[in-house]
Amino acid sequence: MSADRVLVLCHAHPHLSLGGGEIAAYAQWRELRRQGVDAMFLARAPMPSGHTGTPFTARSADGRDMLFHAPPVDHFRHSQPARRVVYESFRDLLESFRPTAVHFHHYVHLGLEVVREVRRYSAAIPIVMTLHDYLGMCNAQGQMRKTSGMLCERAAPLDCHCCFPERSPQDFFLRELFVKSFFNLVDWFVCPSAFLRDRYAAWGVPPERLLVLENGQQRAAPRPGQAPPEEAGAGAQEAPARARFAVLGQLSELKGTLVLLDAVNMLPKRLRKTVRIELHGTMQHAPEDFRQRVEKAHAELQPALSYRGPYLPESVDGIVRMVDWVIVPSIWWENSPLVIQEAFRAGRPVLCSDVGGMAEKVEDGVNGLHFRVGSAGDLARCIERAASTPGLWKRLRSGVRPPPAIEDTVASLLELYRGGRSALQGAGAAQPGTAPASGAQHA
Amino acid sequence: MIAPESSAFAARAPAPAAGPGLLAMRVDFAHALGNHLLVYGWIAGLSEWVASAVLLVGDGEFDILKDAARVPRPDVTENFRDQGLSGDEHGFLALVEVPELPARLQTLRLQVYLNSGRSGESTWPILRDATVAGATLRAHEGTLRRLIPVLSVRQRRVLAEFASTPRLNLRAEDLKEPEDNAGFTLPLHIQVCCVLPGPILVVGGVLPRPLKEATSLSFTWDTLDVDLLDGIIRVSDLGADPARNDDESLAYLPGSFLFAAALPGEAPAGTSEARVQFSCAQGTVSARPQPRRDPAEAQAQFVAHLSSIDPNARLQLCERIVAVLKDRVEQRPAAARTLAGLRHLLERQMAAAIKDLPEHLDARGARFTAKLFFDRSIRVAHAGSFVTGWFYADEGSRAQVRFHTPSGEFDVSAAWVRCPRPDVDRHLAESGLAATEDQGYLCFIPHEALAVPGYLSVTVASGPSFRIRVPVAPNSEAPVQSIRQILEVIEPEQMDLARLLDLHLGPAIGALWAARTPARHRSLLEAFGPPCPDPTVSIVVPLYGRHDFADYQLALWADDPDFRNVDLIYVVDDPSILPEFRRLCHDLYGMYGVPFTLAYPGDNLGFAGATNHGAALARAPLLLLLNSDVMPQAPGWLGRMVEALYARPQTGVLGAKLLYEDGTVQHAGMQSMRYAPWRRMWINDHPLKGMNPAGLTGTREVECVTAACALIETALYRELGGLSEDYVIGDFEDSDLCHRARAAGRVNRVALDVCLYHLERQSQGLGGDVRWRTGVTLYNCWLHNQRWAAAIEAGQ
């Protein structure tokens, strides 16, 4: 047992809300524990605790899996209006657990103030923050996709005002100053993709504090009694070609589900008889008309396209192994999509949009294929090529490397935690609080 | 009003056929009493166009042309003017004797034949209910009273019966046959004859012929012999308001007159009979009034008569007497006390008369046309009134507009600023009039607090004088609201700016702004966190409209070591944000750990007032004035600013380099610059605004700096008297302070190595109204120029 005490904060608990960030944070906490570190997982919960005078409830007897029932935040500047829960209740928790390092997986729903309270609690311990999206700079749900639907290249007060005319450029500038006043207190930002790192560096976060580090995956255990995956595919009766595709995860417009539906419609008739495209995942948060479109496609395009419904995280390997390809058609930049890691873990090449974190993780022609983001026609051509080019699958399959393992990621993080802040200062990095606002850079 | 059909008067009469043969008529009321009917109405062109007009009551007939009294009805003239109607003789009053008036008779008919051959008949209700009739007659009391002189004594007696409910002030002598009438159709009728304290003789009545025909009019009593023509008030020339559709609008009988003058000695003992004698080419006629000389009786008669005449005449008579009284008191100061009662009575009467004056003038006579309308009257604290509206006088009718109060008068038409009013031009064109000048006007009328409201007189050079009541603005308007109303009508580009500012905006807005009475009793002072015992700088930040700026500032200051020695004062200058901000304060300190003081002066004081309120609390030797929308770029700026101030002796006000959020220059010092559109007044220019700040380093001498971020020795700030609170809302008070520092021998500087962001005007409370904002700036600019233009020019 080491002397490390690591507090992992997350904007939600994966048992209550299944998202990539939550899963990664929880996996990290479990791995820390597995490696003998005293780690606490503290996830924000949207419902009241039901306990008077404390915003915390426990999900484990040892008090290491905790919920933080913090009131809703101001989602423009990510500020917790009930600051008392921060500087009193959260402070009590810090004093009681006495962490030697604090790792944030997002600040959304909690409010940025928790970062400042950690720094006020201790000037010495390292604060690490994993960035899961572009929320710090982007008010459009942190996706850097303009409200017009165009992908956005950079955040700047005037541009942001164009997306949200009800907020003045000055308000966006203040938002930036405000967010940065808390970012200044963070020692290390963990970026799961280089793409995301570059975006934050361009926004003004000192690049020396931005580390590219994958969230890390559990290693896939081969299932006993089954043939290796590639043989299973080759031996299937109905689709002798490599023509089985899957889309996994959240199904939504943003995840490109509609692009895929359109692409299937555009496939040549003969191909539609041979390809099998499965949609796995939840439409829980999708609007009604979106669901209707998926159900209609399911009814009309069978057997080429079928909707298979939600799945448990544990069964993802099994689903991926039953297909040849995984499609990631998101119409926003993404960061490091979990589903790409899952595909690679199962040894499946990926068809993805040619932008952002997706294009970074999947190399076109090496371990997958790119198609133009948002283009159903290009996706249709891509599917046709994948399904009908002899030897392509095998070649791309051989380019797939397993994703970084969670053990390795956590080992790197422990080095950060243990290096304290001195590592940062020794590296000649700027002091917290001296990062220039990006305004001057825009000039 | 009698019945639905007759409830509307001339202006709403049924549309008649056009042309000189216009056929239009109305019975305003017909009231039955015993075997008499009292009928009041009009027929268009009664004396010119009508060949026959008959009232048909049951089987009986009544010839209006022959037997009815004629009543001038200028309201009818006005209504049908564009159809060729002229002259005022349209009205009639008939006392119809019907031997037996059947009880079931509900209506009468009015049958009219015109010279042109057209004819028509209309039916009107007869009123019998005494209560309703009484009420109806009361509404026409003034008319009836004015008709008394033209009625025969027999008619008067009948009228007296009708009039038993309303008071017509029919006196015994009205009901007596006149002594002699020398062949005149009308008597010499004396309505008032009394000696008021002073002694002041008041005589009034109606002559049998128009006043202009008089060769003599005298009053004799004992040894007294007064020439009434000397200083007579010709009531019939006062001009009535034809736009008013009520009874009071009746023009005067041509011979109406009023007279008032001081008597040389004591009042006559009254041993002999008094006598008024009138002579004209036609002959001589006299009347024997009984002058009231007992003060109480005299005043009672005087007041009764006043209540029977038009407010215009009432005012003129009272003013005449006030003037006479004033002379008398000047001659004999001892009389002041005994005359105070009369003076008070006159003031009350004048106030009542002014209340009865019309609120606009719309006169179109044969020789002139004059129109004056108010759009707005704004009370300017205790300094006067600000009026706007439009005025028209036709070419050649030079008109003078004056404002009258008991203590003096003000020549409005010599002072006012005229402005184009295209809407009025269109309106005039519709009535066939061409605009003669810029018809709009605005004017600040200086006057002290008034016991008697003031009124305007419009004197047309070729015509009579008209009096108009100035609409009284509600007293409750907040001064700032009044300033807003004044500025709403300002269009600097279309007005004579020098006159506008010097005579109108300047004094009016200055007085209003000075009249604010902040509710200081609601002030509040609260410390959050332990105050720094020995601060280097006191920072005063007013908050207006948005308090979240404080949240941003504190988030950015929390990690700045310079803020450990600071006395931070947030002054809430906006009552509406106080409760929420106050609640937030605990959390702001709890979260950021920067101690500060919340100061609330009790009200919205404006930028200067709020800053001064905070500065009075300052404990440090240096004072930093800071806007809430100024945000630091990085920690350490405050220390550098303090260093820059101490490094150079004789520094007055020290500014910083302020950038917009896009990184361009917002402020690097201010420089006076002439502004051509505003008659070359000096304004504060921000050189390099919007430019790249590259190369702006070091500390430089400048004329002025912005108060958005300004460092000054606290003692000097107090010595100079702080920011001037004379500027409305906030503008120019920073350069005003800087000019005062210069005048005290200091040098103002800007520390260009100290750099902050300024989200300019995000914190100002002027809202989006451009006209209001421009107006405020214009006023403040004017005030600043009044004070500093000479100094600026000397320094150029």
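Trainee: How many residues of chain B are in contact with chain A, and with how many residues there?
Mentor: On the chain B side, 25 residues are in contact with 30 residues of chain A. Keep in mind that this is a predicted model.

Trainee: What area is buried between the two chains?
Mentor: About 2,400 Å² between chain B and chain A. Carbon and sulfur atoms give 57% of that.

Trainee: Which residues in chain B lose the most area to chain A?
Mentor: Tyr552(B), Met591(B) and Glu661(B). Together they make up 30% of what that side buries.

Trainee: And how many salt bridges are there between chain B and chain A?
Mentor: The count is 4. One of them pairs Arg77(A) with Asp551(B). Their closest N and O atoms are 2.9 Å apart.

Trainee: Which helices of chain B supply at least two residues each to the side that touches chain A?
Mentor: Helix 13 (548-557) and helix 14 (578-592). By type, that side of chain B has 12 nonpolar, 6 polar and 7 charged residues.

Trainee: New topic. Where is Cys191(A) found?
Mentor: In strand 7 of chain A, residues 188-191.

Trainee: Is Cys191(A) buried or exposed?
Mentor: Cys191(A) is buried, because its relative accessibility is 0%, and the cut-off for buried is under 20%.

Trainee: What does Cys191(A) touch, leaving out residues up to four places away in sequence?
Mentor: Its contacts include Leu131(A), Arg197(A) and Val212(A).

Conventions:
Residues numbered from 1 in each chain as written. Chains lettered and ligands numbered in written order. Predicted model: local features only at pLDDT ≥ 70, side-chain atom pairs only at ≥ 80, totals over all residues. Heavy atoms only, no water. Contact = heavy atoms within 4.5 Å. Buried area = accessible area lost by both parts, 1.4 Å probe. Salt bridge = Lys/Arg side-chain N within 4 Å of Asp/Glu carboxyl O. Helix = DSSP H or I, 4+ residues; strand = E, 2+ residues; numbered from the N terminus. Nonpolar A, V, L, I, M, F, W, Y, C, P; charged D, E, K, R; others polar. Buried < 20%, exposed > 50% of the residue type's maximum accessible area, 1.4 Å probe, protein only.
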